[in-house]
Amino acid sequence: MDDALARMMELRDDPFQWARGWKERTGSKVLGFFCGYVPEEIIHAAGALPVRITGDNRVTSKSGAHLQSYCCSLARTSLDMALTGDLDFLDGTVFVHTCDTMQRLSDIWRLNACFPFHVDLVLPVRFEGEAALEYMRLELANFRKKVEENIGPVTDAALSESIKLYNRNRELLAELYELRREDPGIMSSDQALWLVASSALIEKSEHNVLLEEVLEGLGGSSGQSDGKVRLFAAGSVMDQYDFLKMVEEVGGTIVDDDFCTGHRYFDAQVPEDGDPIEGIARRLADRGSCPCKYLPSRDRAGRLLDRIEKSGARGAIFFQFKFCDPHSFDYPYIKKALDEAGIPSLHLEIEHDSVSVEQLRTRVEALLEIVRGN
Amino acid sequence: MPVTGVDIGSLTAKAVILDGGKIIGKSLVMTGHNSRVAGRKALDLALLDAGVEEGGLERIIVTGYGRHSADFSSENITEITCHARGARATHPEARTVIDLGGQDSKAIAIDENGRVVDFVMNDKCAAGTGRFLEVMAGALEVELDDLGGISLRSESPAPVSSTCTVFAESEVVSRVAEGVSKVDIIAGIHQAIASRIYAMSVRIPVNERIIITGGVARNIGVVRALEKRFETEIIVPEMPQHIGALGAALIAAERTGSEN
């Protein structure tokens with residue numbers, strides 16, 4: 001494994017180590033966030049580091065008292081991290097109203113986790129149309145104002161600079177995916193998805209340097225994907241690397257995805273000319289949508305099928321956290337489209353607090369047997 | 001040359017030896033705490049039954065929950081694919097396999113060639129499995145094998161709403177305390193299992209005919225309750241516990257080209 005990739009993989013065991021070190025070095029503020037719709041560029045332009053919280057594989061001890069049992073493990077284990085002090089390095093948190101659990105978690109978080117800065121971003125549910133765009137522009141401008149009041153000034157120049165860095169990062173990640181579609185053997189699925197996830201944990205200019213090094217170091221195929229079945233995967237957060245490793249072990253490799261810590265994170269660019277806030281708003285509406293958002297003219301299943309075809313995937317895995325109702329709501333319609341297109345698929349439900357990769361192994365193996373014609 | 005399929009399940013390990021497409025030996029042993037040893041034992045007993053030496057086997061395919069533990073396999077294949085293939089062999093008209101084993105319950109949609117089209121499995125829940133019935137038999141002090149026959153005598157099955165093994169057991173205990181007859185309670189348990197399996201199965205296309213495999217297929221009460229729920233007659237093969245091992249053996253035969 002080349003050096004840059006090896007260095008990045010080391011960070012995976014303790015996802016926030018980089019952010020804690022950065023804070024110590026710079027004395028600057030770190031803001032936690034949960035959702036890919038957070039305009040990270042604005043936070044970055046204020047000189048703070050946005051880091052994404054995606055839960056933790058742990059048995060919770062403190063969050064159970066605050067959450068109903070039907071809340072997903074992303075909410076449950078993240079709140080536990082905050083309440084047990086594991087997120088004490090944060091100076092604040094940004095919530096986006098996506099699903100009901102996230103909206104309610106925001107209130108519980110504000111009252112119990114008590115970070116100095118807390119902000120809710122309420123984006124439109126329906127992203128299309130001028131009214132939605134205008135509303136989004138106002139909400140983002142409002143967000144910028146709150147960041148300026150609590151974190152630091154956000155000048156237009158700094159914002160343009162941050163947008164350029166973020167666009168570059170998205171470009172590099174898109175390139176990585178393109179290279180893996182051509183030859184999945186250049187790195188494993190768990191490495192590729194960590195490269196995307198780590199982008200939301202490391203300051204972007206540094207992440208860009210690391211990514212450039214990784215991409216340069218990709219000498220060619222390691223041959224490790226020879227004979228592996230190409231798969232597509234979809235879901236919300238993908239932070240279960242043992243699961244991804246198992247998929248590789250049993251002979252599959254994920255060549256493209258629709259995770260919010262995967263393809264959706266780097267999909268679409270912010271226009272670099274014109275009003276930066278409007279540009280950010282336009283990108284959020286343009287990027288691959290999450291099931292919490294609605295774009296009437298867009299056929300989510302059709303888009304996924306296109307990408308499945310382009311990636312050469314022969315099967316799909318829906319990877320869902322238990323009790324995730326937005327993803328469950330979209331699933332039957334997407335599954336139907338896949339069935340009609342003859343793409344075998346698997347629906348897996350997991351929880352951060354009881355991950356059992358071995359139980360899932362049989363299912364993934366059976367999917368591969370179906371793909372290979374038994 | 002003979003080929004073998006070994007199915008190391010959570011409760012029992014099974015082996016089937018085929019020669020020229022005919023079953024020449026089979027076995028069934030309890031898995032116990034060591035699935036590697038159980039697989040070995042199942043294989044040895046089947047060899048004894050068939051009167052062949054291990055060296056005389058051309059290929060051994062191992063399936064089931066303990067398949068990765070076997071040290072004698074030529075290849076491992078999931079029980080999903082094996083049950084589909086086994087069911088196709090005994091009953092070519094089957095399009096849905098409901099496999100109720102010791103720890104897993106599965107519904108498998110198959111095509112006319114016995115290939116898996118889709119499947120669904122229980123998730124961290126023992127309801128509808130052999131283990132669930134063992135617990136219930138224990139709570140009611142009835143032999144596991146007698147549950148089915150007893151339940152057929154019921155005229156008004158007692159409602160059992162929980163499908164969680166632990167909650168269902170306490171519910172059964174309270175029915176006992178209320179003085180409800182064992183016959184009605186057992187019939188109620190079977191209905192609860194049938195509802196659970198039905199709810200899981202309809203997530204895939206359930207086409208007729210339905211065949212039931214696995215140890216629970218030996219419980220006629222569960223089979224009748226499932227028939228009522230699915231509103232169709234369900235095929236119970238002659239040796240429901242061996243269907244997975246049979247499927248594995250058939251695939252072994254295909255791989256060696258020695259079928260027929």
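1. A definition comes before anything else: two residues are in contact if their C-beta atoms, placed from the backbone, lie within 7 Å. Counted that way, residues 24 or more positions apart account for 75% of the contacts in chain A with a separation of 6 or more. The corresponding share in chain B is 69%. Please keep in mind throughout that this is a predicted model.

2. Overall build of chain A. There are 15 helices and eight strands in this chain. Its C-alpha trace spans about 60 × 45 × 45 Å along the principal axes. A compact globule of 374 residues would have a radius of gyration near 21 Å, and the 20 Å of chain A agrees with that. Of the 374 residues, 50% count as buried.

3. Strand S5 of chain A. How many of the residues of strand S5 (residues 229–235) of chain A are buried? Seven of its seven are, so described as mostly covered. In general, side chains in a regular strand alternate between the two faces of the sheet. Here Val229(A), Leu231(A), Ala233(A) and Gly235(A) point one way, while Arg230(A), Phe232(A) and Ala234(A) point the other way, and all are buried. Note that an arginine, Arg230(A), is in the buried set.

4. Neighbours of S5(A). S5(A) pairs with strand S6 (residues 252–258) of chain A in the parallel sense, over six bridges. Within that pairing, Ala233(A) has Asp257(A) as its bridge partner. S5(A) also pairs with strand S7 (residues 315–321) of chain A, again in the parallel sense, over five bridges. There, Leu231(A) stands opposite Gly315(A).

5. Helix H7 of chain A. This helix (residues 156–182) has 27 residues, which should span 39 Å at 1.5 Å a residue; its end C-alpha atoms are 39 Å apart, so the two agree. Its buried residues include Leu159(A), Ile163(A), Tyr166(A), Arg170(A), Leu173(A) and Tyr177(A). An α-helix has 3.6 residues a turn, so residues three or four places apart point the same way. The buried residues of H7(A) pack against several elements of chain A, among them helix H8 (189–199), helix H9 (204–217), helix H12 (276–286) and strand S6.

6. Overall build of chain B. Chain B has eight helices and ten strands. Its C-alpha trace spans about 60 × 35 × 30 Å along the principal axes. With 260 residues, a compact globule would have a radius of gyration near 18 Å, and chain B has 18 Å, which agrees. Of those 260 residues, 53% count as buried.

7. Helix H1 of chain B. H1(B) (residues 35–50) has 16 residues and reaches 22 Å from its first C-alpha to its last, close to the 22 Å expected. Among its buried residues are Ala38(B), Arg40(B), Ala42(B), Leu43(B), Ala46(B) and Leu47(B). What do the buried residues of H1(B) pack against? They pack against four strands of chain B: S1 (3–8), S2 (12–19), S3 (22–30) and S4 (59–63). Just after the helix, Gly51(B) takes a positive phi of about 70 degrees.

8. Backbone points to check. The peptide bond from Glu208(B) to Arg209(B) is cis, with omega near 0 degrees. Arg209(B) is in the loop between helix H6 (182–201) and strand S9 (210–213) of chain B. Two residues other than glycine have a positive phi: Ala268(A), near 70 degrees, and Glu141(B), about 55 degrees. Ala268(A) is in the loop between H11 and H12 of chain A, and counts as partly exposed because it has 16 C-beta neighbours inside 10 Å. Glu141(B) is in the loop between helix H3 (130–140) and helix H4 (147–151) of chain B. With 8 other C-beta atoms within 10 Å, Glu141(B) is exposed.

9. The interface. Nine residues of chain A are in contact with nine residues of chain B. On the chain A side, helix H15 (residues 357–371) gives the largest share, six residues. By class, that side has two nonpolar, three polar and four charged residues.

Notes: Residues numbered from 1 in each chain as written. Chains lettered and ligands numbered in written order. Predicted model: local features only at pLDDT ≥ 70, side-chain atom pairs only at ≥ 80, totals over all residues. Helix = DSSP H or I, 4+ residues; strand = E, 2+ residues; numbered from the N terminus. Nonpolar A, V, L, I, M, F, W, Y, C, P; charged D, E, K, R; others polar. Expected span 1.5 Å × (residues − 1). Buried ≥ 20, exposed ≤ 12 C-beta atoms within 10 Å, placed from the backbone. Rg over C-alpha atoms; globule rule 2.2 N^0.38 Å. Pairing = 2+ DSSP bridges.
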